[in-house]
Amino acid sequence: MIRDRIVTLSATILLLCIVMSFLYPSQFPTVENFSQIMLNLSIDTIVAVGMMLLMISGVFDLSVGSIVAFSGGLAGYLMYYHDVNFLVAIAAALSGSLLIGFINGFLITKIGINPMIQTLAMMGVVRGFALMLSGAGIQNFPYEYNYIGQVKILGLQSPVWYMFAIVLIFSYLFKNIAFFRRYYFIGSNEKAAHLSGIEVEKMKLWGFVIVGLLAGIAGVLLSSRLGAALSTSGKGLELRVITAVILGGASLSGGQGKIFGAFLGAAFMGIVGNILILSRVSGYWQEIILGIILILAVGIDQLIQKKK
Amino acid sequence: MMNSIKALLFYLFLIAGLSACEAPPRTDGANKNLESTRFITSDSVSPDEEYVMITTAINMPLYVNHDQAAFKKWATKMGVKASILGPSEWDIPAQIATFEQVIPQKPAGFLINGTDPGIAQVINKAVDAGIPTVVYDSDIPGGRQHSFIGSDWYEMGRLQGERMVKILNGKGKVAVMGILGMTNMEAGFKGFLDVTQKYPAMEFIGKYDDKANVELAAKIMADLIVANPDLAGVAGFDINSGPGIALSVKEANKKGKIKITTVDAEPEHLQLVKDGVIDYLVGQKRELFTQMGAQMLFDMRHKTIAFSKNDAKAGVVPIPKKIITGSIEIDKSNVDLFIK
Amino acid sequence: MKLGLKNIAKSFEVVKALHDVSLEFHEGEVHAICGENGAGKSTLMNILTGNIQPDAGDILLDNRKVIIQNNQHARSLSINIVYQERSLTDGLSVAENIFPLPPTKSIGRINFVQLHEQTNALLQQLEIREFSPETMVATLSPAQKTLVEIAKALATNPAILLLDEPTASLTDKETTILFSVIRTLKQRRVTVLYISHRMAEIKLIADRVSVLKDGKYQDTLLTNSCTTEDIIRLMVGRDLQQVDVTTYATDEVVFSVKNLCGKGFNDISFDLKKGEILGLGGLVGAGRTELAMAIFGAIPADSGTILKNGQRINNKHPKQAIANGIAYLPEERKTLGVFLQKSIAENFVSAQLYGKGYSEKLNSQKAGQYSKTLNIRSTSVQQLMSKLSGGNQQKVVLAKWLNTQPDVLIVDEPTHGIDIGAKREIYKILKQLTADGKSILLISSEMEELLLLSDRIAVMREGKLKGILNKMETSENEIIKLAAH
């Protein structure tokens, strides 16, 4: 079924691109448009990789959007108000994000708080900290910091390359490293995984730490590419990313999904968003259409499974 | 053998990659060479000519009824296309993402809602692409937009301050409410304070953040009334401050005892003035923002007024750098003229 | 109301759960149903409550043939059941639990006055005075909860009441209360079907007792004219299979447990010799699985020592147990043993996800080898586990554990729900393993299996080790006597 989803999603994306190339021949199939689509989906995809990891193990994290805002806000705050070197600021932002992930994981696995409640609460807490740090927004970062997210390599802006690197690395890890492979077993039968010697709790804790770190990276990249830490950064990102991951073949009950599916899901949403902008469809339609697509994708899957 | 080929390929790619690196521009605001002021012009008006408004919170009534309505009306009159794009929520990164995706299509002009200083970079991208770009509502300090059109918020605060002093006879406790940290609001607060603090008998309690939310504004106001029974006046600075403040004043039976001044002149505000709950409104001329803003874009593209043989080449931006539309003052004496 | 069963049969895939069973229940009698684990008691209950449909045979209510479609239908036919697992909501009061559809006033408001009156009347009828209708269920003891369950079942005024192991979690005093309630029911001409393992109870409360064995009806006895021995004989009296006497047990003790205590078991000590199969018998809930989980580190023990080759080992997590050469094939295959949505190869490697990289190719190869030696029938090792039969699934789980190279293999109900053919194959594999010098702790509720495979049989009851019997010198009767009281 997972393999099916990767095939069907790729085919759908391809079909969409072909149709759009005929409808908007001078606007859609251009290098400029595609590098723009890629740039816009890069942040979501980096977080989606982490979310895919969690959803393979059967949980999810609602605080990622807030972590994205927090990470950019913390780096910006340190550089702007305290003249901290940009590397130190990035290190601080990433360790802060990692720490949030650790707190999530610790409270969920050791204290036993339900993941949804824990990360929902954390979403508010971290958003509050982010607002405190960045206020109405911070601009005028050091040139070096902006360079990280704005340099273009072979015509593509750097976040796209980071995205590719992260997708490739995690795809490799999930295929070849036993540590990451364990998440599939945890997600498909937690009790059996425990009885197979897998340290379920510890693995989940690590999962939240990894997601926190990836969201932190996304936050640094976003603020660096925008040249600003915005208080609304990462707003609604968690649901967008969960949608992308489910489109990409994950299931809420866990055990399913591939890292590449996270990229495809985000890419699909990015292309749909681009199509709506090209066809000048108004903002709220985007959400309606994405909602319908999600229901269709999952609904059709269910129907096929029932028939089988 | 295989390995050395792999290594060779790797380094080749690395070198190719590095040489293909394109660093971002060093500074954003200041580099004004002639190259970067060039813009696209056209000799004829075509019905396919598209002017794009990019905003956020696209279905907010204030935006729909004023900014967007005036823009659409203008486009119909001129026989051009008007597109309005942006996210349905207040989401700046999404506004930026939308903006970035429209630039490659090179529309005739951009009308940008100046929501956040963070959009400066993408404004510069549009300007560098040669697309006439006008920012409205709030100015964006780091951006190289061709023009800004909007209200003077310091002035709006000053007007409220003066009226407050007048109706309170220069004495009493006052507070202000709005979205803290937003550049235009902070300018408004300053205008208000610069006037009121000249009067030693006027005591300033503080700035309160209602996040442009009616319920929150009402809640804060209710708390303020309890904490300060002798509160004399409150000034509001976002669209929902006034209605929220008025609600709590009515509920506390303090109508007329606590003086309210606020911004914006929506039907709700006007009715509250008529009912005597709100004493004074400073309205914005929002229709002018987009109607005149769009007209400037049109004029720039079609060289309505030329200062040289070729302004685009000469580095002349043939439209005003900044337009302040001024304010509309409303109180009980003229409110009936505004109610439709 | 009179209830009759005529030639009822039911199979699950290959397993025959009920075989041509005919029974008669008189109005107002307490009728006990006895049998070993897997004798077909629960299947019978599920048929009577409409949870499953029989493959053949008729159900007769007052000599009229009925087809019980579902649980609700059963209730409308005046048949109700009190399950072993509870169906109560802790956050609600006794009254609300007993009447899930309470009397209402206008616009659906609950009429609490009437509800509490109703409940009070019901509790008084049953002579229950320990709690009131307003008591929150969360504050009740297990026994009181059982009484609420019974009251809930009686609220629908059933003519036939099924009680499934009602005393399993009750103390003697609480059992006395339950029995007085059952006697009250009897006076009201309610037919009570009473399922229990406990011989003493059956003698005490039941009028008649029917015995099932391997899905077949044995006989019905009058309790005041038979002995416990008679009932046990009916339960076990099978033609004994030819016992495989080959043993590979040596005298070398490789594994011992000393004074192990934990949740569900107490002060357990035994030795396991190289090449030996030690059977662990007892009733469901005797603490055998809990003991196995503790040895394996899944639910660490509270106190006591585990020695392997004379060295003390401490398994705080299954990961350590595996590293110490212990493997555990869990009891409930579907929920604890397998990853249904994963392939055979992935299931095969699931206990070895530590230390090294993960190579799909290598795993598939190895899984393929085991697949051949254990005769696992599948299209390929990439086939999803959910597509395999129970027997083949179990063989995959066995292969997974054999590949960890354990010295001690704990197998918990290894042939549960598996057809005869696969059963035989698994027996052969287990014997072969002992020939290779491995030691096996075999937990089984099937007497036949225990007697066939074990060299010695340890019997547990209520968390305690009641004795270790030598297979050559023991009998089923002796084991059952130790296991039940």
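The model is predicted: local features need pLDDT of at least 70 and side-chain atom pairs count only at pLDDT 80 or more, while totals for chains, interfaces and linings use all residues. Residues are numbered from 1 along each chain as its sequence is written, and chains are lettered from A and ligands numbered from 1 in the order in which they are written.

**Chain A: helices**

Keep α3(A) selected. Of its 19 residues, 16 are buried; a residue is buried if 20 or more other C-beta atoms lie within 10 Å of its own, exposed if 12 or fewer, and partly exposed in between, with C-beta atoms placed from the backbone. Asp83(A) follows α3(A) and has a positive phi, near 50°.

Next, select helix α7 (residues 158-176) and helix α12 (residues 259-278) of chain A, whose axes come within 8 Å and cross at roughly 145°. Axes are lines fitted to C-alpha atoms, for helices over the stretch in contact, and angles run from 0 to 180 degrees between N-to-C directions. On α7(A) the contact is made by Val167(A), Phe170(A), Ser171(A) and Phe174(A), and on α12(A) by Ile259(A), Phe260(A) and Phe263(A). Two residues are in contact if their C-beta atoms, placed from the backbone, lie within 7 Å. By class, the contact has six nonpolar residues, one polar and no charged. Ala, Val, Leu, Ile, Met, Phe, Trp, Tyr, Cys and Pro count as nonpolar, Asp, Glu, Lys and Arg as charged, and the others, Gly among them, as polar.

Move to chain B, which has 12 helices and 13 strands. Its C-alpha trace spans about 85 × 55 × 35 Å along the principal axes, and 47% of its 340 residues are buried.

Show chains A and B together: of the two pairs of chains in contact, they share the most contacts. Chain B contributes 36 residues and chain A 34 residues. On the side of chain B, α4(B) gives the most, with eight residues. That side divides into 18 nonpolar, 12 polar and six charged residues.

Now select strand β1 (residues 152-153) of chain A with β1(B); they pair in the antiparallel sense over two bridges. Two strands pair if DSSP finds at least two bridges between them. Ile153(A) stands opposite Cys21(B).

Within chain B, go to Ala57(B), in the loop between β2 (50-54) and α3 (61-78). Its phi is positive, near 45°, although the residue is not a glycine. Most residues other than glycine have a negative phi.

**Chain C**

Chain C has no contact with chain B, and their closest C-alpha atoms lie 22 Å apart. Towards chain A, the contact takes 21 residues from chain C and 18 residues from chain A. Both α10 (318-323) and α11 (333-337) of chain C supply at least two residues to it.

Then select the open sheet of chain C, with six strands in the order β16-β17-β18-β13-β19-β20 and mixed pairing. β16 (326-329) and β20 (464-470) stand at the edges with a single partner strand each, so one side of each lacks a neighbour in the sheet. Strands β17 (residues 408-412) and β18 (residues 439-443) run parallel and are joined by five bridges, with Val408(C) opposite Ser439(C). Helix α17 (residues 476-483) lies across β13 (277-281), β19 (456-461) and β20 of chain C, running at about 30° to β19(C).

**The cores**

Finish with the largest nonpolar core, which has 219 residues; Val47(A), Val49(A), Met51(A), Met52(A), Val245(A) and Ile410(C) have the most contacts inside it. A nonpolar core is a set of buried Ala, Val, Leu, Ile, Met, Phe, Trp, Tyr and Cys residues joined through C-beta atoms within 7 Å. Helix α10 (residues 200-226) of chain A gives the largest share of this core, 15 residues. Another core, of 62 residues, lies apart from it and includes Val30(C), Cys34(C), Ala151(C) and Met235(C).

Note on methods. Helices (H or I, at least four residues) and strands (E, at least two) are DSSP runs, numbered from the N terminus.
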